Amino acid sequence: MLAEMRIKGLGVIDEATLHLHPGLTVVTGETGAGKTMVVTGLHLLGGGRAEASRIRTGARRAVVEGRFRPARGGAALRLAEDAGAELDEDGSLIAVRSVGADGRSRAHLGGRAVPVGVLSELAEALLAVHGQNDQLRLLRPAEQRAVLDRFAGEPVATPLTEYRRVRAEWLAVVAELTERAERSRELAREADLLRHGLDEIAAVDPRPGEDAELVAEARRLADADQLRELASGAQVAVSGAADGDPDAPGALGMVAAARRLLGSAEDPALRELEPRLAEAATLLSDVGADLGGYLDRLEADPARLEQVLARQVQLKQLIRKYAADVDGVLAWAARAEERLAGLDTSEEALAALAARRDELAGELAGIAEKVTAARTAAAGELAAAVTAELAGLAMPHARIEVVVRPHEARPEEPGAVRVGELWAHAGADGVDEVELRLVPHPGAPALPVHKGASGGELSRVMLALEVVLADSDPVPTLVFDEVDAGVGGRAAVEVGRRLARLARTHQVVVVTHLPQVAAYADRHLVVDKMVGGAGVTRSGVRVLDDGQRVIELARMLAGLDSTETGRAHAEELLATAARERAGEPVGAGAGGRGADGKAGGRGRNGRVG
């Protein structure tokens, strides 16, 4: 839930703090006082679009800060942990969004700077804002289908997940088959080039690292005489002359002489050096033997040199065509073989793909029928539940229909699949179109809600949906921005009752102009507008006590806050709402003139005239 929100420098609001109730919080205020900025702040906190025009005149930036209390083990807490956010000492999570005068915005979560998208993901788990724009979104077929799926739950979600998996594979096979059929000549040419390259490499049959080995061998064969001279000289220097010339004893002879001299010394310090010379003699003996072996193997072999050079020419031809070295050539060959395996344009390969496509299409159609059946079953239940709610919202003769029908397509259209006797478009969410229809009164035709409902009726349809969907909605906080627009009289009372009922399972925040709705609040906030020095308008938010609520409701009823009649109506409205919230029975007429607001005649906007 959202425990607290602080707004600074946003619109007409200089600085305000909203302490929200876990149940139903209403926000009221005169027109232009800044109620809309409360919802704007919530949108910003939820990662919504930042606009510099929303910043208060004279302010450098606007800041919205929210203190959330996420449920343990919930998605919001996991998201915060992934972002490196830290919880406050009381376990709350603080989110901050700031917008500068240059239009740039910054987001922070739990003391860490995060991308704005993180706040959007957080809002999806914690916050749902419903306003006039959301009503317009409800008119879209995709949104209506999403509402039905949300109501249906697992019976639709489970087969729909399987449907999407099969559809992804089916689309991949269809795309591959189309590509092969349309590009068969081009792919055949590519396959020929790959085969030619692989044959050429296979004919040479290079080994990994062979080019480097040949370079070293060629250099050794070409420089054999020079290398023999160097090795022979080194061997004489180590082991001495082959004829035993005493004038050229070599390093071994000199070390042996040094060992004899130290061994005959009387001084222990000198004798201790003799073992070290013995180690040196051993090492020199090994080096001398290795030099001898090298000289035995070293031969000037012109024939072998010619072979090496010829082999180098072969490898260089491959390297010039395919890669920078032999290892790269071998890597190209591996990739070419893999690509060639996927370029089979033979009739057999195309037939196999077509068979797989048809097999997957049949499987997809079967799963789509399961999704349709689950949606159809849920559609009847949803229609009945929403219709029942509308009866309580002063639309007793209205009826909602939820129609599930296939999205028909022609067989040749992309994405068409045969489902039963029909061809339908296999979209990401199934083959169904879902439409909410309203029958406003008996005998009237069932029309799509955007054609058959007035503004006030559309608000009530949306609220009825929210009440019905409350149990399946994982979002803990619901925000309603004047969804009661166009509603008045007893219907307004019923809107208040429904919102109060929602507040039993969710935190509900309502921005409203209707006293009948405000009367049901657990906490009543009012946005006050004040004109200060130099004509600067400022707004603030305060919590109303019981006496102040009476005055505010009287103002909302008809601007009668200073009259006994206005206060009497407000007190009666509050008392009726309090009894209903406490579960006490209220008679049909208990609401009186204050409950349904009929005392002074009601205009189209729901206010008393």
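Mentor: A residue is called buried when its relative accessible area is under 20%. With that cut-off, strand E3 (residues 24–28) of this predicted model is mostly covered, five of its five residues being buried.

Trainee: What makes threonine 25 count as buried or exposed?

Mentor: Its relative accessible area is 0%. The cut-off is under 20%, so threonine 25 is buried.

Trainee: Which way do the side chains of E3 point?

Mentor: Leu24, Val26 and Thr28 point one way, and Thr25 and Val27 point the other way. In a regular strand the side chains alternate between the two faces of the sheet. Residues on both sides of E3 are buried.

Trainee: How do you know that E3 pairs with strand E15 (residues 507–511)?

Mentor: Four bridges join the two strands, which run parallel. Pairing needs at least two bridges, so E3 and E15 qualify.

Trainee: What does threonine 25 touch beyond its neighbours in sequence?

Mentor: Leaving out residues up to four places away, the contacts are Leu20, Val508, Val509, Val510, Arg523 and Leu525. The C-alpha atoms of threonine 25 and aspartate 522 are 5.9 Å apart, although 497 residues separate the two along the chain. A polar atom of the threonine 25 side chain also lies 2.9 Å from the backbone nitrogen of histidine 21.

Trainee: What makes the link between threonine 477 and glutamine 507 a polar contact?

Mentor: Their side chains meet at 2.7 Å. The limit for a pair of N or O atoms is 3.5 Å, so the distance qualifies. Threonine 477, in strand E14 (residues 477–481), is buried, with a relative accessible area of 1%. Beyond four places in sequence, its contacts are Met1, Leu2, Leu126, Leu127, Ala128 and Gln507.

Trainee: Why is the pair of tyrosine 322 and tryptophan 332 called tilted?

Mentor: The ring centres are 4.5 Å apart and the planes stand at 40°. Centres must lie within 6.5 Å, so the rings pair; planes under 30 degrees apart would be stacked and over 60 edge-to-face, so this pair is tilted. The count comes to one aromatic pair. Tyrosine 322 is in helix H13 (residues 302–322) and tryptophan 332 in helix H14 (residues 326–341), so the pair ties together parts 10 residues apart in sequence. Both residues are buried.

Trainee: What makes E10 (residues 416–419) and E11 (residues 422–425) a pair, and in which sense?

Mentor: They share four bridges in the antiparallel sense. At least two are needed, so the strands pair. Valine 419 stands opposite leucine 422. The two strands form a hairpin with two residues between them, and glycine 420 in the turn has a positive phi of about 65°.

Trainee: How do you know that the span of helix H10 (residues 250–263) is close to the expected one?

Mentor: H10 has 14 residues and reaches 20 Å from its first C-alpha to its last, against an expected 20 Å at 1.5 Å a residue. Its buried residues are Gly250, Val255 and Leu262.

Trainee: Which residues touch the most other members in the largest nonpolar core?

Mentor: Of its 81 residues, these are Leu24, Leu390, Ile400, Val402, Leu499 and Leu502. Helix H15 (residues 347–392) gives the most to this core, 17 residues. Another core, of 42 residues, lies apart from it and includes Leu20, Ala62, Ala107 and Leu126.

Methods:
Residues are numbered from 1 along each chain as its sequence is written. This is a predicted model: local features need pLDDT of at least 70, side-chain atom pairs count only at pLDDT 80 or more; totals for chains, interfaces and linings use all residues. Side-chain values use heavy atoms; hydrogens and water are left out. Buried means under 20% relative accessible area, exposed over 50%, partly exposed in between (1.4 Å probe, protein chains only). Contact means heavy atoms within 4.5 Å. A polar contact is a pair of N or O atoms within 3.5 Å; within protein, one must be able to donate a hydrogen and the other to accept it, and residues adjacent in sequence count only if both atoms are side-chain atoms. A nonpolar core is a set of buried Ala, Val, Leu, Ile, Met, Phe, Trp, Tyr and Cys residues joined through side-chain atoms within 4.5 Å. Rings of Phe, Tyr and Trp (its six-membered ring) pair if their centres lie within 6.5 Å; planes under 30 degrees apart count as stacked, over 60 as edge-to-face and the rest as tilted. The expected span of a helix is 1.5 Å times one less than its number of residues.
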